Amino acid sequence: MITFHRQIVLITGGARGLGLAYARCIGQLGAIVLIQDIGADSQGNGEDNNVAERVAETLRVEGLDIQAISGSLNSRTTCHQLVEQIIQKYGRLDAVIHNAGWVDYQPIEELDEKAFDHMLSIATKAPIWLAQAAWPQMKLAGYGRIVVTTSCRALYTQYAQHGLISYAAAKMAIVGAMNILNHEGNKHGIMVNAISPVAKTRMWGESGEPDELHPADVAPGVAFLASSDCLSGGWILRAANGQFHATKTMEAEFVDYPRDIKAIRALTAQDIADNWHKIAIPNTERR
């Protein structure tokens with residue numbers, strides 16, 4: 001039976017939506033859950049430090065050991081300070097779940113550097129800095145679980161959406177980072193995975209409990225990835241409507257990379273054009 005008995009789990013963006021569902025689920029499994037949430041609006045702007053504390057109080061009434069922890073994710077320094085604060089108080093940090101983020105719509109003609117950098121700072125840089133800060137202690141313990149957040153809007157062509165350039169770029173970048181983090185951490189007992197969740201939250205314009213696609217239906221997947229029962233990393237766990245599918249991009253075993261990728265041979269651009277119907281075969285059609 002999965003248990004987090006007395007484990008220390010940090011959840012960023014843990015006061016609302018998916019983060020709140022994760023906190024409740026993992027708290028019910030016995031963890032001491034630390035929720036970080038600056039109380040920003042749905043565009044990632046502003047602060048309300050009372051948001052996290054009010055949610056923590058509500059969950060404590062439910063009998064859960066939930067604590068609000070203050071701290072920003074907007075730089076390497078603040079991410080390190082957040083983790084150092086936790087380790088100083090609790091002596092360790094067993095799992096980091098990076099959920100904080102938002103959806104920002106800017107078509108390519110309107111994309112500006114400030115908004116793009118803001119998206120990358122929270123969705124890509126912050127989980128890397130948090131992992132970096134937790135790494136020495138997790139290596140020493142021989143154990144750690146890190147869960148980052150990606151999106152099917154970035155992963156799959158058919159789900160691409162107008163205006164989500166910075167969002168998709170950040171969500172795809174963290175998958176690459178996840179692969180490397182897992183490679184570096186595996187031998188130390190540190191498993192790093194990604195969740196690709198779908199749920200109706202305030203990012204969808206929902207102000208109350210949705211009629212479908214509930215955040216609570218995603219939470220068990222995150223709880224598993226953050227638990228000691230999860231013994232492999234480098235996975236993207238797709239989660240929606242109480243259904244789960246784990247995927248990862250892997251080369252076929254018989255490929256001798258990079259000298260022989262077992263593909264169509266072409267010596268000129270025209271060769272590629274003539275064979276494009278063989279070269280551009282979606283994975284769903286490959287045999």
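Is R24 buried, partly exposed or exposed, and what is its relative accessible area? In this predicted model, R24 is partly exposed, with a relative accessible area of 28%, because a residue counts as buried under 20% and as exposed over 50%.

The side chain of R24 meets that of E62 in a salt bridge, with an N to O distance of 2.7 Å. This pair links distant parts of the chain, since R24 belongs to helix 1 (residues 17–28) and E62 to the loop between helix 2 and strand 3, 38 residues apart. E62 is likewise partly exposed, with a relative accessible area of 39%.

The structure holds 6 salt bridges, among them one between the side chains of R6 and D65, at 3.6 Å from N to O. R6 lies in the segment before strand 1 (8–12), whereas D65 lies in the loop between helix 2 (50–61) and strand 3 (66–68), so the pair ties together parts that are 59 residues apart in sequence. R6 is partly exposed at 42% relative accessibility, and D65 is partly exposed at 26%. A further salt bridge joins the side chains of D260 and K262 at 3.0 Å, N to O; D260 has a relative accessible area of 30% and K262 one of 47%.

Another setting is found at N193, a residue of strand 6 (residues 190–198), which is buried with a relative accessible area of 0%. A polar atom of the N193 side chain lies 3.2 Å from the backbone nitrogen of G234. Leaving aside neighbours within four places in sequence, the residues in contact with N193 include I146, V147, V148, M178 and L225, as well as C230, S232, G233, G234 and W235.

Methods
Residues numbered from 1 in each chain as written. Predicted model: local features only at pLDDT ≥ 70, side-chain atom pairs only at ≥ 80, totals over all residues. Heavy atoms only, no water. Helix = DSSP H or I, 4+ residues; strand = E, 2+ residues; numbered from the N terminus. Buried < 20%, exposed > 50% of the residue type's maximum accessible area, 1.4 Å probe, protein only. Polar contact = N/O pair within 3.5 Å; in protein donor to acceptor, adjacent residues only side chain to side chain. Contact = heavy atoms within 4.5 Å. Salt bridge = Lys/Arg side-chain N within 4 Å of Asp/Glu carboxyl O.
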